[in-house]
Amino acid sequence: MYAYNNEDRQDLQQDIIVQLWKSYNTFRGESKFSTWMYRVGVNTAITYLKKEKRSIQFQYKENFPELVFEEYKNEKDNQLQIFYRAVQELNQIEKAIIFYFMEGMTHKETALQLGISDINVRVRLNRTKDKLQKIIKKHGYEF
């Protein structure tokens with residue numbers, strides 16, 4: 001989600017692996033190891049984007065029905081696929097906020113991770129949720 005071409009994905013993957021290796025000693029066991037890895041990965045991706053000043057553009061086709069693959073056998077899988085495709089239209093901070101929210105992080109924890117205020121997280125989260133709903137509706141879907 002944070003890199004769109006193969007070279008950038010490989011660079012980002014290497015950065016994430018290096019950061020996981022360097023910060024392994026900081027894992028305190030207060031959460032699942034996979035959750036810790038996810039947080040390190042997302043934070044590394046955000047830092048990577050800021051450092052490299054990458055401009056991310058939505059590179060999928062405009063028509064969502066063409067993006068939904070028949071391999072999804074149930075409605076929930078189909079909805080998840082549509083949601084993740086809609087997330088591609090968000091900017092980096094919006095993506096991080098929505099995924100931190102989905103992970104169950106508090107506004108305060110998210111604020112600390114992103115370096116913004118709690119109030120800013122609340123406002124941005126509400127705006128991001130509204131934006132996602134509009135994106136999904138724009139492409140003819142509703143959940």
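User: What should I know about the model before we start?
Analyst: It is predicted: local features need pLDDT of at least 70, side-chain atom pairs count only at pLDDT 80 or more, and totals for chains, interfaces and linings use all residues. Residues are numbered from 1 along each chain as its sequence is written, and side-chain values use heavy atoms, with hydrogens and water left out.

User: How many helices and strands does the chain have?
Analyst: 6 helices and 0 strands. The order from the N terminus is α-α-α-α-α-α. Helices (H or I, at least four residues) and strands (E, at least two) are DSSP runs, numbered from the N terminus.

User: What share of the chain is buried?
Analyst: 33% of the 143 residues. Buried means under 20% relative accessible area, exposed over 50%, partly exposed in between (1.4 Å probe, protein chains only).

User: And contacts between residues at least 6 apart in sequence: what share join residues at least 24 apart?
Analyst: 60%. Contact means heavy atoms within 4.5 Å.

User: Now H4 and H6. At what angle do they pack?
Analyst: About 100°, with axes 10 Å apart. H4 covers residues 92-103 and H6 covers residues 118-138. Axes are lines fitted to C-alpha atoms, for helices over the stretch in contact, and angles run from 0 to 180 degrees between N-to-C directions.

User: Parallel or perpendicular?
Analyst: H4 is roughly perpendicular to H6. Angles under 35 degrees count as roughly parallel, over 145 as roughly antiparallel, 65 to 115 as roughly perpendicular and the rest as oblique.

User: Which residues make the contact?
Analyst: From H4, Ile-93, Glu-94, Ile-97, Ile-98 and Phe-101. From H6, Arg-124, Leu-125, Thr-128, Lys-129, Lys-131 and Leu-132. By class, the contact of H4 with H6 has 6 nonpolar, 1 polar and 4 charged residues. Ala, Val, Leu, Ile, Met, Phe, Trp, Tyr, Cys and Pro count as nonpolar, Asp, Glu, Lys and Arg as charged, and the others, Gly among them, as polar.

User: Is Glu-94 buried or exposed?
Analyst: Buried, at 15% relative accessible area. Leaving out residues up to four places away in sequence, Glu-94 touches Thr-128 and Lys-131.

User: What about H4 and H5? At what angle do they pack?
Analyst: About 145°, axes 10 Å apart, with H5 at residues 107-114. Ile-93, Ala-96, Ile-97 and Tyr-100 in H4 meet Thr-110, Gln-113 and Leu-114 in H5. That contact divides into 5 nonpolar, 2 polar and no charged residues.

User: Switching to rings. How many aromatic pairs are there?
Analyst: 6 in the whole structure. Rings of Phe, Tyr and Trp (its six-membered ring) pair if their centres lie within 6.5 Å; planes under 30 degrees apart count as stacked, over 60 as edge-to-face and the rest as tilted.

User: What is the geometry of Tyr-24 and Phe-33?
Analyst: Their centres are 6.2 Å apart and the planes are at 70°, so the pair is edge-to-face. Phe-33 is partly exposed, at 36%. Tyr-24, Phe-27, Phe-33 and Trp-36 form one aromatic cluster.

User: And Tyr-84 with Phe-99: stacked or edge-to-face?
Analyst: Stacked, 5.8 Å centre to centre with 15° between the planes. Tyr-84 is in helix H3 (residues 75-87) and Phe-99 in H4, 15 residues apart. Tyr-84 is partly exposed at 31%, while Phe-99 is buried at 8%.

User: Last one. Where is Leu-49?
Analyst: In helix H2, residues 33-52. Leu-49 is buried, at 3%. Leu-49 and Gln-92 are 43 residues apart in sequence and 8.0 Å apart in space, C-alpha to C-alpha.
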